[in-house]
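Biologist: I'd like to talk this one through with you slowly. Please put it on the screen first.

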Amino acid sequence: MLALWQLRAVERFRPFIVAGSAPLHYVLGPAGAAVLAAARGLTVAEYDYRADQALAIAHSRTLAHQLGVNEIFATLVAYARTHPGVALDVWWSERRCTQSWGKIVRPDGYGRWHEDGHRVDF
């Protein structure tokens, strides 16, 4: 992660806690956004990346909740990597869900789990 931070592929922050020290947290950085945008045939502006928005989560009341949601999805990805016939086919963020479904529903995320020929959306 240090190398990615030095390359500006990610930005990092340490959230404030009353006692002790929180671990570093990472979000997408300008160079990482440029790579992802290029992979999709977009400019960084078209990709809609802004460093200030990416880092805004550092001061968000929902940081702990967002970390919990991401941990669920990351755990599924890790499980799928070690089990043949298993995959997390889709992982949408809350933002992507809001863009797709607007005011109809407000999920924390959306996923599609595939295992042994069966599929479930959640």
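Modeller: Before we pick out residues, helices here are DSSP runs of H or I with at least four residues and strands are runs of E with at least two, numbered from the N terminus. The model is predicted, so local features need pLDDT of at least 70 and side-chain atom pairs 80 or more, while totals for chains, interfaces and linings use all residues. Residues are numbered from 1 along each chain as its sequence is written, and side-chain values use heavy atoms, with hydrogens and water left out.

Biologist: OK, and where does Arg 96 sit?

Modeller: Arg 96 belongs to helix 6.

Biologist: Why does Arg 96 count as partly exposed?

Modeller: Because its relative accessibility is 40%, and partly exposed covers what falls between buried, under 20% relative accessible area, and exposed, over 50% (1.4 Å probe, protein chains only).

Biologist: How far apart are the C-alpha atoms of Arg 96 and Phe 73?

Modeller: Those two C-alpha atoms are separated by 15 Å, with the residues 23 apart along the chain.

Biologist: Stepping back, how many helices and strands are there in the protein chain?

Modeller: The protein chain has six helices and five strands, and read from the N terminus its elements follow the order α-β-β-α-α-α-α-β-α-β-β. The C-alpha trace spans about 45 × 40 × 35 Å along its principal axes.

Biologist: What share of the residues is buried?

Modeller: Of the 122 residues in the protein chain, 23% are buried.

Biologist: Which residues make up the largest nonpolar core?

Modeller: That core has seven residues, namely Phe 13, Val 27, Ala 33, Tyr 49, Ala 54, Ala 58 and Leu 63; a nonpolar core is a set of buried Ala, Val, Leu, Ile, Met, Phe, Trp, Tyr and Cys residues joined through side-chain atoms within 4.5 Å. There is also a second, separate core of six residues, among them Val 69, Phe 73, Leu 88 and Trp 113.

Biologist: And which residues does Val 27 touch?

Modeller: If we leave out residues up to four places away in sequence, Val 27 touches Val 10, Glu 11, Phe 13, Ala 54, Leu 55 and Ile 57, where contact means heavy atoms within 4.5 Å. Phe 13 and Ala 54 are also listed in the largest nonpolar core along with Val 27. For the protein chain, 29% of the contacts with a separation of 6 or more are between residues 24 or more positions apart.

Biologist: Switching to the backbone, what is the phi of Arg 8?

Modeller: Arg 8 has a positive phi of about 65°, although Arg 8 is not a glycine. It lies in the loop that runs between helix 1 (2–6) and strand 1, and it is partly exposed because its relative accessible area is 46%.

Biologist: And what about the phi of Asp 116?

Modeller: Asp 116, also not a glycine, has a positive phi of about 50°. This residue is in the loop between strand 4 (109–115) and strand 5 (118–121), and at 57% relative accessibility Asp 116 counts as exposed.

Biologist: Last one: where does Thr 43 lie?

Modeller: Thr 43 is in the loop between helix 2 (30–39) and helix 3 (44–47), and Thr 43 counts as partly exposed because its relative accessibility is 43%. From the C-alpha atom of Thr 43 to that of Asp 121, 78 residues apart along the chain, the separation is 31 Å.
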